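Me: I have a model open and want to learn how to read it. Can we take it feature by feature?

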Amino acid sequence: MDVHRSAHDSLTSESTPPPLLALEQIAKRFGTVDALVGASLHARPGTVHALLGENGAGKTTLMRIAFGELKPDAGVVRIDGSVSRLASPADALAHGIGMVHQHFTAVPAMTVAENVALASGTRGRFRPAGARARVLELCEQVGFTLDPGALAGDLSVGMQQRLEIVKALARGARVLILDEPTALLAPAEAEELLAMLSRFAARGNAAVIITHKLREALSAADDVTVLRRGRTTLAVRAADSDAVQLTAAMLGESGVAGRGARDVGGGVTNEGNGEKARDGARGEGVRREGGQVVIDARDLVLVDGRGVQRVRGVTLAVRAGEILGVAGVEGAGQHELLRALAGRMKPSEGALHVPERIGFVPADRQRDALVAGFTLAENVALSGAGAARGRMRWKEIERRTSELLEGHDIVASGVRAAAESLSGGNQQKLVLARELDGAPHALVAENPTRGLDIAATAALHHRLVEAREAGMAIVLYSSDLDELIAMSDRLVVMFDGHLTEVALDRDAAGRAMLGAS
Amino acid sequence: MSARRASWLREPATVAAIAALALAALWLALRLAGLDATRAMLALWDGSFGSSYALVSSTLVRATPLILTGLAVAIAFRAGVWNIGAEGQLLAGAATAAALGLFASPALGPFTVVAALAVGALAGAFWAWIAAYLRNRFGVLEVISTIMLNFVALYAVGYLVRGPLQEPTHIYPQSEPLPAVAELPKLIAGSRLHWGFALAVLAAPVAWWVLRNTAAGFRVRAVGRNPDAARVAGLVNVERTTMRVFLVSGALAGLAGAIELTGVTFALYENVSPGYGYTAIAVALLAGLDPLGVLATGLLFGALEAGSLAMQREAAVPSVVVNVVEALLVLLILGVARWRGGSAILSRLAGVGSGSTEAAR
């Protein structure tokens, strides 16, 4: 029926039917951060739409607004031409908008058919045969196979994703939003998924895929919208665009100039390394290239907890006295690579040599670095707990902890305060202080300045440079490319599980991060 | 060193109020059932603390296995190991101690009782190891496996006392009494109180000190509270830590069984434990998983069980009503803790809970 109606509409209302989903000048602020300042997107019926942008550009926020998970501070959401105020995802689904998140939401112990029935709000009696037939019918509509009797928990990642799509279709979705749908898929699976989305769109529906991948946007999508720092910077037909134009829209025309005002290298500059902290840092790196190899990885292959191969053959050496910057978009494999380089993850293939004493600042500090209910002293003692023997010397540990609190400017009521009583920034400083304590041979840090204010960021940068001068080998990942370029002696980029070394240059790094050559 | 020690120990008034509330509820329930409630309550007191005989020969004797199994459960829970199998581990210890006492006493002579306690602890550790192995190797939830192993142990004892260990006349489903060399000496002459009580009282502060002041104890606490941080930040081998905790926990419960056999029952039979290993869970929870607290709650529950027998004898009130009081105590403590918010007990249990799901994943 829907197909007929939209076909009819398109005939009567001239050549351009109203977009199925239109987001106009959306603004959204989280605390003091402007996530979106004027983002627009028009998903036309019959098209696959790619939403491109760097980390933090606001892609997911915009789509969560379209799905009713977030309310916009300003701007208008139009569905099928009429203004809608979506109060919840249920509301969005009732309006025909479905979303497939990066994390799946099926009940593992239930079958595919049961999951679909659950999602589509079956009332009264549950009829297994009817539920199975419904799944098969929906699968046929979009042209893929999915066993209705299989347990959701037994499905592969690709099949789980199909289940999520079928769940959305069962609710009558005409607009399907997918957050990084191909990130977890093998190339062949990704092809199949994109073909399926085209078939879905061809029935008068619209699909919106959030992606980092330029090639995917250009080949699989009809329309492309690019977001940059919360603003729509480009909206074009894919056929009329190319990688150069998209890259420029994502990174800004003038590269670094756009962010020049941000004092990323401030801490370094303060220390009298000269006006050009970046050049200074780089110069040191070149001079120190003869340093001893501290971390050595050869043909590293890493597989994550879900069995997805995240790093596919990386060879890398980190030397004493250098800061190696690692860049990469979310899910490119840098997360696993850093864990392995820090000795926290065993490679499934390849050779890896890491020093015995190595500090690690993980991305999720709440989960991986701190025990919330422990005291600060206990959290300091945590590092090295695995190898500790005999008695815990609490007096000594408490003394060391209070030195760290003082030396790193950590605001706490005392060494016996619970870690959870500290503010986020102070928790983070505590982790850094602990991991740098005792002059380890190497430090691996994942987004160490996230959540820190300007002064604390500057202090941290200063500490990293100091540690490097003292001969520490440092691996630094940051989602802020400018910070990486300012801090690093060398820069490598992860893309799709592979590693390339690039020049300390924003454009070169940006292109490598997006897989464009 | 823990940020907040079990808060209820610092608030004896709260605990006393809760205990009074539970007893008042018991009185009311007995009253409503048309029984002589006041007389029953007095019997409860007489049978537990009312006389030095009741205290020493009844309450303290009953508290002994409760303290040891309570420690077994508390230590396991502190590491995020949900060992519900103290009962089975206790039975394994009791059966092994009985076998050793019966067959090896001629060879071991005066060392028989020490050997019986040692093999009892080993047997308990082995019984726990089965669940630990299943968890680490196949991801089997220990909550399930330890409960199942309780039944296996119970029926194994049932088989033993009708088979290899049955008394020579083959009439009663129980073993022959142990020879005198296999009996635990009395702590106080003329009473029923044996040296096992001293062991239990000693074990609690030792466990407390180890958890607080040793690297191994610190690892246990860290793994229980946040296994991810223990693994990533502390490079702690989480599987090895939980395995060792399982073994220690099982050994304590096994020791409780061996002590019960060599100090109290002197013979093996099916109902050698009236469910000490299950009551131990309440003992440990009520103590906020604090080993020193277990000493106090073990004593309290020992008194309740001792008093309940007197209540049945003197006021014809079934002794099982005490189980209702025990359950009420736990529910009230947890309820009050939640109501007051931010309780150490709840947060510890919550932390341990999330940790355990993480580990099981």
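This is a predicted model: local features need pLDDT of at least 70, side-chain atom pairs count only at pLDDT 80 or more; totals for chains, interfaces and linings use all residues.

Me: How much area is buried between chain B and chain A?

Reply: The general idea comes before the number. The size of an interface is often given as the accessible area lost when the parts come together. Here the area buried between chain B and chain A is about 2200 Å². Carbon and sulfur atoms give 61% of that area. Chain B puts 23 residues into the contact, and chain A puts in 33 residues.

Me: Which polar links are counted between chain B and chain A?

Reply: The count is 12 residue pairs in polar contact, both residues being at pLDDT 80 or more. Three helices of chain B each supply at least two residues of the side that touches chain A: α9 (195-213), α10 (215-225) and α11 (227-232). The largest share, six residues, comes from α10(B). By type, that side of chain B divides into 12 nonpolar, five polar and six charged residues.

Me: How many salt bridges are there between chain B and chain A?

Reply: Side chains of opposite charge can pair when their charged atoms come close. Between these two chains the count is one salt bridge. A:Glu378 and B:Arg221 form it, at 2.6 Å from N to O.

Me: How many salt bridges are there over all chains?

Reply: The count comes to 28. Take A:Lys28 and A:Asp73, with their closest N and O atoms 3.9 Å apart. A:Lys28 lies in strand β1 (residues 21-30) of chain A, and A:Asp73 in the loop between α2 (59-66) and β4 (74-79), so the pair ties together parts that are 45 residues apart in sequence.

Me: Is A:Lys28 buried or exposed?

Reply: Buried means under 20% relative accessible area. A:Lys28 has 12% relative accessibility, so it counts as buried.

Me: Which residues are linked with A:Asp223 in a network of salt bridges?

Reply: The network links A:Arg44, A:Asp223 and A:Arg237. Between A:Asp223 and A:Arg237, the closest N and O atoms are 3.5 Å apart. A:Asp223 sits in strand β9 (residues 223-228) of chain A and A:Arg237 in strand β10 (residues 231-237), so this pair ties together parts 14 residues apart in sequence. A:Asp223 is buried at 6% relative accessible area. A:Arg237 is partly exposed at 43%.

Me: Where do A:Asp482 and A:Arg506 lie?

Reply: A:Asp482 is in helix α18 (residues 481-487) of chain A, and A:Arg506 is in helix α19 (residues 506-513). They are 24 residues apart. Their side chains meet in a salt bridge at 3.2 Å, N to O. A:Asp482 and A:Arg506 are both buried.

Me: How do I read a helix, and what span does α12 of chain B reach?

Reply: An α-helix has 3.6 residues a turn, so residues three or four places apart point the same way. Helix α12 (residues 238-265) of chain B has 28 residues. From first C-alpha to last it reaches 39 Å, close to the 40 Å expected. Of its 28 residues, 22 are buried, so α12(B) is largely enclosed by the rest of the structure.

Me: What is found at the start of α12(B), and what comes just after α12(B)?

Reply: At the start, a side-chain oxygen of B:Asn237 reaches to within 3.3 Å of the backbone nitrogen of B:Glu239. Just after the helix, B:Phe266 takes a positive phi of about 60°.

Me: What does the side chain of B:Glu142 reach?

Reply: The backbone nitrogen of B:Trp82, at 2.8 Å. B:Glu142 is in helix α8 (residues 142-160) of chain B. At 3% relative accessibility, B:Glu142 is buried.

Notes: Residues are numbered from 1 along each chain as its sequence is written. Chains are lettered from A and ligands numbered from 1 in the order in which they are written. Side-chain values use heavy atoms; hydrogens and water are left out. Helices (H or I, at least four residues) and strands (E, at least two) are DSSP runs, numbered from the N terminus. Buried means under 20% relative accessible area, exposed over 50%, partly exposed in between (1.4 Å probe, protein chains only). A polar contact is a pair of N or O atoms within 3.5 Å; within protein, one must be able to donate a hydrogen and the other to accept it, and residues adjacent in sequence count only if both atoms are side-chain atoms. Contact means heavy atoms within 4.5 Å. Buried area is the accessible area (1.4 Å probe) that two parts lose on being put together, summed over both. A salt bridge is a side-chain nitrogen of Lys or Arg within 4 Å of a carboxyl oxygen of Asp or Glu. Ala, Val, Leu, Ile, Met, Phe, Trp, Tyr, Cys and Pro count as nonpolar, Asp, Glu, Lys and Arg as charged, and the others, Gly among them, as polar. The expected span of a helix is 1.5 Å times one less than its number of residues.
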